[in-house]
Amino acid sequence: MGAWKGHRGRRGDDPPPEPDVFEAVPEGPDTVVLDRGRAAAAAPPTHPDDYAVLVPFRPRRRGPGGSVEGHEALDRHEAAELERRYRERAGRSPSAANSLALMLLERDEQDEAAELLRRAAEAGHRGAATNLGVLMHRQGRDEEASLWWHRAAEAGSRIAAFSLGALLLDRADAARAGAGAGVGAYNDLSGQGVYWLRNAAESGHVRAALTLGEFFELTGRPGAERWYRRAAEAGHPEAAYRLGRMGQERDDERAASTWFLRAASCGHVRAAVRLAMSLERAGDTAEAIGWYRLAAEEGDAEGARALGFLLQDAGDIEGAARWWQLSAEAGDGTAANALGAWFAAKGRSNEAAQWYERAAAAGECNGAFNLGLLHAEHEDGPGAERWFRMAAYAGHGDAANALAGLLLERGDEEEARIWFARAAEAGSVDGSYNLGILHARGGHDDAAEACWGRAAEAGHADAALQMGLLLERRGDAEGRRARTRRPRARIGRRRPSGSGRCSRRRARSSRRSGGTAWPRRPGT
């Protein structure tokens with residue numbers, strides 16, 4: 001039956017007979033604090049409650065007919081009276097000794113509590129053995145903890161079985177990471193850990209089922225989904241979230257959404273974000289906004305950022321900026337860049353620059369690129385070059401194109417050619433077009449044709465025009481007409497390029513304001 005709790009009784013009454021004094025505590029996820037997941041931290045846990053917690057001492061008042069109406073805090077006099085009664089019975093009742101020990105542990109009187117728990121455990125009280133194992137673990141005495149948990153687990157305590165299994169798996173991880181440790185030690189410890197976790201899970205311990213799923217997933221063994229499903233169906237939100245993630249990995253969006261909904265409905269923030277992303281992809285933006293908002297209100301940076309973009313799409317730019325700021329202050333670079341773009345659109349360059357810098361510091365290369373644009377607008381060439389170069393080294397195609405343009409203006413054609421090439425490789429159609437211009441100037445028409453062809457296929461009108469002029473010079477009039485008809489639309493403002501001048505367009509993005517590159521939303 002596991003640990004026990006004491007009956008409060010009425011003041012002045014003698015304790016009822018032994019079978020009625022102590023009530024069995026249901027063992028389950030509510031008595032265990034371990035919800036981080038081994039997948040999130042493979043290192044041994046740093047907090048003692050990572051395996052199990054002491055079953056709390058919560059005396060319950062009986063109503064008419066003996067029913068339990070609920071537990072209440074004891075006042076000082078009642079606590080002293082109950083402690084006196086437990087002390088009278090502790091010498092002959094292991095259950096009383098266990099309950100007295102729990103009362104003492106609430107006052108941090110560990111030495112006497114440990115002695116009482118030891119006495120009760122040696123007398124066969126498995127709840128006391130479980131609690132003694134927890135106390136030993138809190139004191140850093142894991143060898144003793146594992147011995148007491150082993151004794152309680154063999155007596156049928158699923159809390160102890162879970163705690164022992166989790167401890168053995170962490171020992172296995174430590175053995176594998178240790179210098180000179182053999183595979184045999186890891187296999188032996190992990191095998192024992194899985195045995196006890198399976199024992200606990202099959203007895204209904206939800207957290208044990210989740211831990212088994214994590215172990216099988218991390219080690220690539222079959223069975224992870226089975227254990228996640230058992231935990232999820234028992235109501236564990238983290239297990240439901242992981243099942244949803246697995247569904248997405250195999251492109252089963254329907255199953256993924258079902259599990260994300262179950263987890264999100266239980267307050268799982270990451271599941272709420274995943275569910276909202278799925279709804280947004282399906283076009284249900286109203287429902288997506290609701291789930292993003294729930295996650296954002298819980299402080300989730302990604303949810304706040306995505307909520308901001310949806311509000312912007314709905315025309316609520318002020319509301320979007322508020323959520324972007326919350327997300328950016330939590331360290332989200334994309335939100336910081338979006339907030340900078342909002343300030344830039346309002347003409348508040350200083351505030352825009354501050355948020356762009358925060359975006360760049362968080363690794364968002366659009367932030368560095370947009371800082372380059374701000375410096376260029378204020379005719380600060382060295383500052384623009386510095387930020388363009390930073391973004392270009394991070395793989396930003398438009399930044400590489402802009403950097404090459406600056407280099408070309410000051411006569412450094414050799415390095416400009418390098419950066420135009422990198423811009424083209426990163427997918428910048430302007431980079432491809434400009435690289436073609438440099439090839440044409442050098443008399444390399446075939447190379448120019450290849451560059452302009454790629455840009456024209458992407459809809460670059462000037463590239464198509466240059467291709468037409470090149471084909472006309474070769475006498476291919478039909479090819480010229482075909483090339484000049486190819487573009488479907490003009491993108492941005494460009495000067496006529498018949499003279500072979502390089503394009504200086506700043507950015508091509510689905511979200512722009514005043515020349516600023518807006519980031520793309522997750523999932524788009």
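Hi everyone, let's start at Arg84, which counts as partly exposed at 39% relative accessibility. For that scale, buried means under 20% relative accessible area, exposed over 50%, and partly exposed in between, with a 1.4 Å probe and protein chains only. Before going on, please keep in mind that this is a predicted model: local features need pLDDT of at least 70, side-chain atom pairs count only at pLDDT 80 or more, and totals for chains, interfaces and linings use all residues. Residues are numbered from 1 along each chain as its sequence is written, and side-chain values use heavy atoms, with hydrogens and water left out.

Back to Arg84, whose side chain meets that of Glu81 in a salt bridge, 2.5 Å from N to O. By salt bridge I mean a side-chain nitrogen of Lys or Arg within 4 Å of a carboxyl oxygen of Asp or Glu. Glu81 and Arg84 are three residues apart in helix 2 (residues 76-90), so about one helical turn separates them. Helices here are DSSP runs of H or I with at least four residues, strands are runs of E with at least two, and both are numbered from the N terminus.

How many salt bridges does this rule give? The count comes to 26. Glu83, Arg87, Arg107, Glu109 and Glu112 are linked in a network of them.

Arg171 forms a salt bridge with Glu143, with the closest N and O atoms 3.4 Å apart. Arg171 belongs to helix 7 (residues 158-177) and Glu143 to helix 6 (residues 142-154), and the two are 28 residues apart in this link between distant parts of the chain. Arg171 is partly exposed at 23% relative accessible area, while Glu143 is exposed at 55%.

Next, have a look at helix 15 (residues 301-313), where Glu302 and Arg305 sit three residues apart, about one helical turn. Their side chains meet in a salt bridge of 3.9 Å, N to O. Glu302 is partly exposed, with 21% relative accessible area, and Arg305 is buried, with 11%.

What Glu364 does have is a polar contact of 3.0 Å between its side chain and that of Thr334. A polar contact is a pair of N or O atoms within 3.5 Å; within protein, one must be able to donate a hydrogen and the other to accept it, and residues adjacent in sequence count only if both atoms are side-chain atoms. Leaving aside residues up to four places away in sequence, Glu364 touches Gly333, Thr334, Asn337 and Ala359, where contact means heavy atoms within 4.5 Å.

Let me move to Ser190, which has its place in helix 8 and is buried at 3% relative accessibility. A polar atom of its side chain lies 3.2 Å from the backbone oxygen of Asn187. Beyond four places in sequence, Ser190 touches Leu169, Ala172, Phe215 and Arg221.

Then there is helix 10 (residues 224-233), where Ala224, Trp227, Tyr228, Ala231 and Ala232 are buried. Seen down the axis, these buried residues fall within an arc of 135°, so they line one face of helix 10. The arc is taken from the directions from the helix axis to the C-beta atoms. That set of buried residues packs against helix 8 (183-202), helix 9 (206-219), helix 11 (237-249) and helix 12 (253-265). Just after helix 10, Gly235 takes a positive phi of about 105°.

Speaking of phi, most residues other than glycine have a negative one. Which way does Asp251 go, positive or negative? Positive, near 65°. Asp251 lies in the loop between helix 11 and helix 12 and is exposed, at 71% relative accessible area. Glu379 also has a positive phi, near 55°. Its loop is the one between helix 19 (365-377) and helix 20 (381-393), and Glu379 is exposed at 74%.

To finish, the whole protein: 26 helices and six strands, with buried residues making up 51% of its 524 residues.
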